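Hi everyone, thanks for making time.

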Amino acid sequence: MHLFLEYVGFGLVSASILALAAVGFTLQYGVTNVLNLAFGQVMTLGALAAYGVNVVGGDVWEMVVAGGLCGAAASVALNRVVISPFARRGLRLFGMIVVTLSLSIIMGNVALIVFGFGTFSYSLSTSSSNVLGMTFTGDQLETMALAVAGMVGIRLLLQRTRLGRAMRATSTDPILARACGMNTQLIADVAWAISGVLCGVAGVTEAISVSAFSVTTGDGLLLTIVAAAIVGGIGQPYGAMLGAVLIGVVTSLVGGYANPTYTDLTAFVILVVFLVFRPVGLARGVVSERGVLA
């Protein structure tokens, strides 16, 4: 029982990181119809920005702010400079996948040139606490607190603000939203900025959770992020939260009781099962309306 609780606790930490990233990923798709496969590289940029703050003596919260701002700036720049011009030329979904995959490869190779093949690690003080039989470090508790705050913030934004309603309207029918006088380009920029903040913060929390990270760490997590988004219902932020919890806890239990190398395989198996038996995900997203599913 003790081991079970420990594995569940670690799964909740993993789910928190996944939730931040998966909600950011699915928010981009929901508003702009772009499956951004450069998302992992933006996570890495956020982690590297936080590393720079850490080197000069910044604390965890300053690192999180730096990572979030870096992720927002990088995401908006990618949208403005690359994604939007291709969208205006009529490039469709799978063409965009090729574009973002190419961006990821380019960004990854540039990062290797600039930062090298070495690893980076944060210098942080650690302490541990016992919560309901589960042991967490102070950093892990902060990660879960960030995830909860982020998810509550996203819910309030989408449900209680004019901006959130405009984002949902743009997601549902961008042509009608534009005809109603909404500035859909500005709404897209805001959506990419918000998702970039979540992406950068997820990169920082992922780097905190491991002993060392490299310029490929974000890409290594991309499959699990995509799996959480699709399992939850791609384009549906609330579903992405549920998908992150499911995959985070299940992969932790499998890795703990079987073999840690099976975690990625487990996420892939869960993804395949959902694609076969429930392709719309836990919460029905917007995939069927946009032709992602046959």
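I'll start with the whole chain and then stop at a few residues.

Before that, some housekeeping. This is a predicted model, so local features need pLDDT of at least 70, side-chain atom pairs count only at pLDDT 80 or more, and totals for chains, interfaces and linings use all residues. Residues are numbered from 1 along each chain as its sequence is written, and side-chain values use heavy atoms, with hydrogens and water left out.

Okay, the overall picture. What does the secondary structure come to? We have 11 helices and two strands; here helices (H or I, at least four residues) and strands (E, at least two) are DSSP runs, numbered from the N terminus. Following the sequence, you get α-α-α-α-β-β-α-α-α-α-α-α-α.

How about size? The C-alpha trace spans about 55 × 45 × 35 Å along its principal axes. The radius of gyration, taken over C-alpha atoms, is compared with a globule rule of 2.2 Å times the number of residues to the power 0.38. For 294 residues, a compact globule would come out near 19 Å, and the chain has 18 Å, so the two agree.

Buried residues make up 51% of the 294. Buried means under 20% relative accessible area, exposed means over 50%, and partly exposed is in between, with a 1.4 Å probe and protein chains only. As for contacts (heavy atoms within 4.5 Å), take those between residues at least 6 apart in sequence: 76% of them join residues at least 24 apart.

Now, how many salt bridges does the structure hold? The partners are Arg80 and Asp189, and their closest N and O atoms are 2.6 Å apart. This pair links distant parts of the chain, with Arg80 in helix α3 (residues 60-88) and Asp189 in helix α8 (residues 184-209), 109 residues apart. In general, side chains of opposite charge can pair when their charged atoms come close. Is Arg80 buried or partly exposed? Arg80 is partly exposed, at 45% relative accessible area, while Asp189 is buried, at 9%.

Next stop, the loop between α1 (2-32) and α2 (39-55), where we find Asn33. Asn33 has a positive phi of about 60°, although it is not a glycine. Most residues other than glycine have a negative phi. Asn33 is partly exposed, with 28% relative accessible area.

Asn36 is in the loop between α1 and α2 too, but Asn36 is buried, at 3%. Which residues does Asn36 touch? Not counting residues up to four places away in sequence, they are Phe25, Gln28, Thr100 and Trp192.

Two more quick ones. Gln140 is in helix α5 (residues 138-160) and is buried, with a relative accessible area of 19%. Leaving aside neighbours within four places in sequence, Gln140 is in contact with Phe10, Val13 and Thr135.

Last, Val254 in helix α10 (residues 237-257). Val254 is partly exposed, at 25%. With neighbours within four places in sequence left aside, Val254 is in contact with Asn259, Tyr262 and Thr266. Val254 and Ser211 are 43 residues apart in sequence and 21 Å apart in space, C-alpha to C-alpha.

Technical notes:
A salt bridge is a side-chain nitrogen of Lys or Arg within 4 Å of a carboxyl oxygen of Asp or Glu.
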